[in-house]
Amino acid sequence: MTAQRIEGKAISDAIRIEIGEETAKLAAQGIVPGLAVVLVGEDPASKVYVGSKEKACQQLGFYSEVHRLEASTTQEELLALIDRLNRQETIHGILVQLPLPKHIDEKSVIDAISAAKDVDGFHPVSVGNLVIGDDSLLPCTPAGVIELIKRTGIEIAGKHAVVIGRSNIVGKPVSMLLLREHATVTICHSRTANMADIAKTADILVVAIGKAKAIGSAFVKPGAVVIDVGINRLEDGKLAGDVDYDDVLDVAGYVTPVPGGVGPMTITMLMQNTLKAAKQLHA
Ligand code: GUN
């Protein structure tokens, strides 16, 4: 059996059309969703991500501001900008691109963002709401994973989902979202014993460890849904996921490619969160 490829780009494009339609309806009421993105320093990958976010805003008719600050920006200066954006009425979503330069405390910066504008879903209030199950702004990549699974027509309720990775940005929140969707969830990490044995019991396997091609067919139950969150740059310049795509292809039932799987969903979910924040702030 060859696994079915989950086409993240196509699913993401379909959601963007829906967001565009809703944005047009809001515009008729005089509301334009506004996103502020803050980039501190010159990290090359961050520059690319920020450019993609700006482009998505233009494509969907959002208002956008990108604040490109010098690497030497002080924490006080950054906090002052966030305070201004928190109070700015044309801005409904604020995203501070991570990582930040070493002299800035990431937690203080995330905590300073108004929870109502926390389109990254990283603020402690957003994380708390995620755990409790309240309708709030969900972290973008985890929300994208759930959306990919659902829009492929795969039932999550009652399934055994195994998440490999326990980061605050992906592993922990995606585990909570799978639980909210009524999966039975197991979280594996670097200290897990017999990881392949556990992974092999998964109906849905989500991998987010940041190691190229680390997860092969020995970790996959026949017919399983394999979602690869990793994006790693190989020595030859090509991109690879955390899953060895070619190796799992004959075992899995569904698998996401890299690139073109989870990646395109992240910015789309950011746009969805900004639209949602705009609606809630004007409700
Ligand atoms: N850096 C890499 N991914 C992300 C993300 O999802 N949000 C922010 N703010 N920074 C990132």
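The expected span of a helix is taken as 1.5 Å times one less than its number of residues. In this predicted model, helix 1 (residues 8–28) comprises 21 residues and extends 30 Å from its first C-alpha to its last, close to the 30 Å expected at 1.5 Å a residue. Gly30 follows helix 1 and has a positive phi, near 80°.

Gly8, Ile11, Ser12, Ile19 and Thr23 are the buried residues of helix 1. Viewed down the helix axis, these buried residues fall within an arc of 110°, so they line one face of helix 1. An α-helix has 3.6 residues a turn, so residues three or four places apart point the same way. The buried residues of helix 1 pack against helix 2 (44–60), helix 6 and helix 10 (263–281). On the face turned away from the buried side, helix 1 carries the exposed residues Ala10, Asp13, Ala14, Ile17, Glu18, Glu21, Ala24, Lys25 and Ala28.

Helix 2, one of the packing partners of helix 1, includes Pro44. Pro44 has 6 C-beta neighbours inside 10 Å and therefore counts as exposed. Between the C-alpha atoms of Pro44 and Cys188 there is a separation of 31 Å, the two residues being 144 residues apart along the chain.

Strand 2 (residues 34–40) is mostly covered, with seven of its seven residues buried. From strand 2, Gly34, Ala36, Val38 and Val40 point one way, whereas Leu35, Val37 and Leu39 point the other way, and all are buried. Seven bridges pair strand 2 with strand 3 (residues 63–69) in the parallel sense; within this pairing, Gly34 has Tyr63 of strand 3 as its bridge partner.

A further element is an open sheet of six strands, paired in parallel and arranged in the order 1-11-8-7-5-6. Helix 7 (residues 171–180) lies across strand 5 (160–164), strand 6 and strand 7, and runs at about 165° to strand 6.

Annotated positions were also considered. In an unreviewed UniProt entry, the annotation "binding site" covers Gly165, Arg166, Ser167 and Ile231. Gly165 is located in the loop between strand 5 and helix 7. Because 23 C-beta neighbours lie inside 10 Å, Gly165 counts as buried. Apart from neighbours within four places in sequence, Gly165 is in contact with Val170, Gly171, His189, Val207, Ala208 and Ile209. Ile231, in turn, belongs to the loop between strand 8 and strand 9 (232–233). With 18 other C-beta atoms within 10 Å, Ile231 is partly exposed. When residues up to four places away in sequence are not counted, Ile231 touches Leu239, Gly241, Val258 and Gly263.

Technical notes: Residues numbered from 1 in each chain as written. Predicted model: local features only at pLDDT ≥ 70, side-chain atom pairs only at ≥ 80, totals over all residues. Pairing = 2+ DSSP bridges. Helix = DSSP H or I, 4+ residues; strand = E, 2+ residues; numbered from the N terminus. Contact = placed C-beta atoms within 7 Å. Axes fitted to C-alpha atoms, helices over the stretch in contact; angles between N-to-C directions. Buried ≥ 20, exposed ≤ 12 C-beta atoms within 10 Å, placed from the backbone. Arc of directions from axis to C-beta. UniProt positions renumbered as here; feature names shortened; annotations may be inferred.
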